Amino acid sequence: MTQLPNSLAARDIAHVLHPYTNLVKHEKAGPLLIERGKGIYVYDDQGREYIEALAGLWCAGLGFEEPALVDAAIEQMRKLPFYHSFGHKSAPVVIELAEKLKGLSPVPVSKVFFVNSGSEANDTQMKFIWYYNNAIGRPKKKTILSRQRGYHGVTIASASLTGLPANHRAFDLPIAGVKHVDCPHYYRNALPGESEAEFTARLASNLEEFIQREGPETVAAFFAEPVMGAGGVIVPPEGYFPAIQAVLKRHDILSVSDEVICGFGRTGNVWGAQTLDYQPDMISCAKQLSSAYLPIAACMISEPLYEAIRDQSGTIGTFGHGFTYGGHPVSAAVALRTLQLYEERKIYDHVAMVSPRFQARLKRLADHPLVGEARGIGLIGAVELVADKASRRNFDPAKAVGATCAAFSQEEGLIHRALAGDALAFCPPMIITEAEIDEMFDRFERALAKTEAWISREGLRNAA
């Protein structure tokens, strides 16, 4: 990549450390500079248009140019640009947002605790769980379970919950006390001839055996995304969560629904837990809470948890946890207005209306010779590229087939994300129309054709 010495791209390479990026390649390739957005589209510094097929990072539910959210931020900035919630302090908009979230919750909720990101939310939930068990006299009940390929964040604790190797390698993770159990991906993990019901029963049985080996008195909680996002958009089989929760309840193990991606309409209901028949004790939410216009996230906890945390804080003299920007009034104002817009504009109904077109176009890709599985629910989905459809053989990871396909997509004016296992994810803004869904998949089909031609030229199907 040739850049003028003082170009924005050159300055980026010189000064910015990029997350989730091959930094060696970045020094040669440089950044794609996005300057503005409108609806489901973003535009680079050359004026070229892209459909943002991942809503940024699974988050810009109302797209990239919503004046009502800008106005909400400006109004709050003029009124009270910052305050905190420490030491009995509060702000009206923070109270209103907490009330709104409680009213939307799929399960009874006592209190809402505000943080700044999904990672902070799940990190905080872990601390709540440990604090709770100490408070009720169960100091040994501390082990936290999550799932292989699950994604729960990147702090030391939440990255430990995450079940993806790239988040652990060279970081000395996971920390002690976090264990990973089966991923509910039927396409990849079912035994030959095993039905979905049998697969689910086996995973529940495996969980029971795992808990027994660990000692039920030591296992505190189970974290799960209703639909796994960064792990490959994995939708569990029907009946999975009821079967898993039956095991958890037998051993008094808390369940946490990580709704960071699934929350606020993405799966066709307000919460992914509603779509997947999951009844958690605790909920983490972020991303579409503010349509990503400002950082904000929340932990929602039950009355029994709150009562124990309250009493323990009285014993200690304070509840020693919190963030300077947790419940920031400007972020809270934008989040509150976002939730109001979802209702006023019937966004959840809109998702229900356009999801059949999204899923039909997605599932049609399963016929392509490169696609092993096309999976999804609501307005979230993925295709998994394979070297051989019959055997489900993957391509050599070193060939970066998924990443190359994503690069071809970008050439076609489509931005989305390649995940582990050569899965290509789709999670467009929820305002997308049926015509825009068709255009999105038309662009991807052209990228798939380019990928197929490249694979043939390079002989990658026959590579060991």
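## Salt bridges: a network and a total

Let's start with a group of charged side chains: Glu 49, Glu 411, Glu 412, Glu 439, Arg 443, Arg 446 and Lys 450 are joined in a network of salt bridges. A salt bridge here is a side-chain nitrogen of Lys or Arg within 4 Å of a carboxyl oxygen of Asp or Glu. By this rule the structure has 25 salt bridges.

Before going further, please keep in mind that this is a predicted model, in which local features need pLDDT of at least 70, side-chain atom pairs count only at pLDDT 80 or more, and totals for chains, interfaces and linings use all residues. Residues are numbered from 1 along each chain as its sequence is written, and side-chain values use heavy atoms, with hydrogens and water left out.

Glu 343 and Lys 100 form a salt bridge whose closest N and O atoms are 2.9 Å apart. This pair links distant parts of the chain, with Glu 343 in helix H13 (residues 329-344) and Lys 100 in helix H5 (residues 92-104), 243 residues apart. Helices (H or I, at least four residues) and strands (E, at least two) are DSSP runs, numbered from the N terminus. Glu 343 is partly exposed at a relative accessible area of 37%, and Lys 100 is partly exposed at 22%. On this scale, buried means under 20% relative accessible area, exposed over 50%, and partly exposed in between (1.4 Å probe, protein chains only).

Glu 214 and Lys 179 meet in a salt bridge at 3.7 Å, N to O. Glu 214 lies in helix H9 (residues 196-214) and Lys 179 in strand S6 (residues 178-181), so this pair ties together parts 35 residues apart in sequence. Glu 214 is partly exposed at 26%, as is Lys 179 at 31%. The other example is Arg 250 with Glu 208, whose closest N and O atoms are 2.9 Å apart. Here Arg 250 sits in helix H10 (residues 240-250) and Glu 208 in helix H9, so parts 42 residues apart in sequence are tied together. Arg 250 counts as exposed at 56% relative accessibility, whereas Glu 208 counts as buried at 18%.

## Aromatic pairs

Turning to the rings, a search of the whole structure finds 13 aromatic pairs. Rings of Phe, Tyr and Trp (its six-membered ring) pair if their centres lie within 6.5 Å; planes under 30 degrees apart count as stacked, over 60 as edge-to-face and the rest as tilted. One of the pairs is Phe 82 with Tyr 325, edge-to-face at 6.3 Å centre to centre and 70° between the planes. Phe 82 lies in the loop between helix H4 (67-79) and H5, and Tyr 325 in the loop between helix H12 (303-316) and H13, so the pair ties together parts 243 residues apart in sequence. Phe 82 is partly exposed at 32%, while Tyr 325 is exposed at 52%.

The rings of Phe 113 and Phe 128 have centres 5.4 Å apart and planes at 80°, so this pair is edge-to-face. Phe 113 is in strand S4 (residues 111-115) and Phe 128 in helix H6 (residues 118-135), so the pair ties together parts 15 residues apart in sequence. Both Phe 113 and Phe 128 are buried. Ring pairs join Phe 113, Phe 128, Tyr 131 and Phe 319 into a cluster.

## Charges over rings

Charged side chains also meet rings here. Arg 36 lies over the face of Tyr 43, 4.0 Å from the ring centre, and Lys 111 lies over the face of Tyr 306, at 4.0 Å from the ring centre. For such a contact, NZ of Lys or CZ of Arg must be within 6 Å of the ring centre and within 35 degrees of the ring normal.
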